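Notebook open, structure loaded. I'm jotting down what I look up as I go.

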Amino acid sequence: MSVLVLNASNEPLNVVSTRRAIVLLLKDKAKLVEAAGASVRSERVALPTPLVIRLVAYVRIPHHWRLPVSRRGVLARDLYTCQYCGRQPGRRGLTIDHVVPRAQNGPKSWENLVAACIACNRRKGGRRPHEAGMRLSAQPFVPRLIAVAFVTSATQHASWEKYFRESGLVLPPPTEDDAAVRPGQGALAR
Ligand SMILES: [Zn+2]
């Protein structure tokens with residue numbers, strides 16, 4: 001099971017394994033916010049299975065630090081939605097489109113990569129959106145919250161939704177084929 005880690009400011013920060021979360025709780029580096037019913041035993045201490053924990057110390061995300069760009073991160077940021085037609089065909093039905101094509105020196109950056117369905121990607125081809133008569137539904141951006149990139153339907157718990165909503169975010173819609181994704185691979189996972 002996975003545990004949502006909130007920053008001391010209550011913003012979703014990361015997703016870690018249950019084992020990692022328990023270490024943080026036992027070392028008093030985090031407080032339990034929400035737990036599932038069942039107990040886990042660790043070092044002779046019985047703890048409820050954590051679902052959400054909050055770090056005691058605020059983790060400052062440096063202004064110059066950028067979340068490494070990844071396919072998974074782009075899909076999560078774009079909420080598994082084609083940024084041209086709005087369809088949600090699931091992870092396997094989505095591609096990563098270079099808004100400015102690689103052939104025109106478009107970089108592999110958060111600002112230049114978007115989720116696109118196979119049909120839209122094919123239609124756009126090696127052109128810029130306006131050259132193909134297409135329009136982006138939103139301007140691609142660098143995700144502000146790290147947790148966004150690590151949350152998938154395979155790891156998320158329904159109770160997490162409110163923490164994201166309070167921070168003005170929504171969780172990606174469930175997809176059927178997220179099982180291969182594992183949590184805790186973030187740059188700030190520790
Ligand atoms: Zn599309």
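This is a predicted model: local features need pLDDT of at least 70, side-chain atom pairs count only at pLDDT 80 or more; totals for chains, interfaces and linings use all residues.

I looked up Asp 28 and found it exposed, with a relative accessible area of 55%; exposed means over 50%, buried under 20%, and partly exposed in between (1.4 Å probe, protein chains only). Asp 28 has a positive phi of about 60°, though it is not a glycine. Its place is the loop between helix 1 (18-26) and strand 3 (30-42). Helices (H or I, at least four residues) and strands (E, at least two) are DSSP runs, numbered from the N terminus.

Residues are numbered from 1 along each chain as its sequence is written, and side-chain values use heavy atoms, with hydrogens and water left out.

Asn 105 is not a glycine either, but its phi is about 65°. I found Asn 105 in the loop between strand 5 (94-98) and strand 6 (113-117). At 71% relative accessibility, Asn 105 is exposed.

Which residues hold the zinc ion as protein donors? I got Cys 82, Cys 85, Cys 117 and Cys 120, each through SG, lying 2.3 Å from the zinc ion. Donors are N, O and S atoms within 2.8 Å of the metal (3.2 Å for Na, K and Ca), and water is not among the atoms, so sites may look incomplete. Along the sequence, the donor residues are spaced C-x2-C-x31-C-x2-C. The angles between the four donor atoms run from 101 to 115°, so the arrangement is tetrahedral; for four donors, that takes all angles between 85 and 135 degrees. I also checked burial: Cys 82 is buried at 0% relative accessibility, while Cys 85 is partly exposed at 41%.

Leu 136 sits in the loop between helix 3 (118-124) and helix 4 (161-166). The C-alpha atoms of Leu 136 and Cys 85 are 8.4 Å apart, with the two residues 51 apart along the chain. Setting aside neighbours within four places in sequence, Leu 136 is in contact (heavy atoms within 4.5 Å) with Gln 83, Tyr 84, Val 99 and Val 114.

How values were computed. Four donors count as tetrahedral if all angles lie between 85 and 135 degrees; four count as square planar and six as octahedral if opposite donors are over 155 degrees apart and all others between 65 and 115; anything else is irregular.
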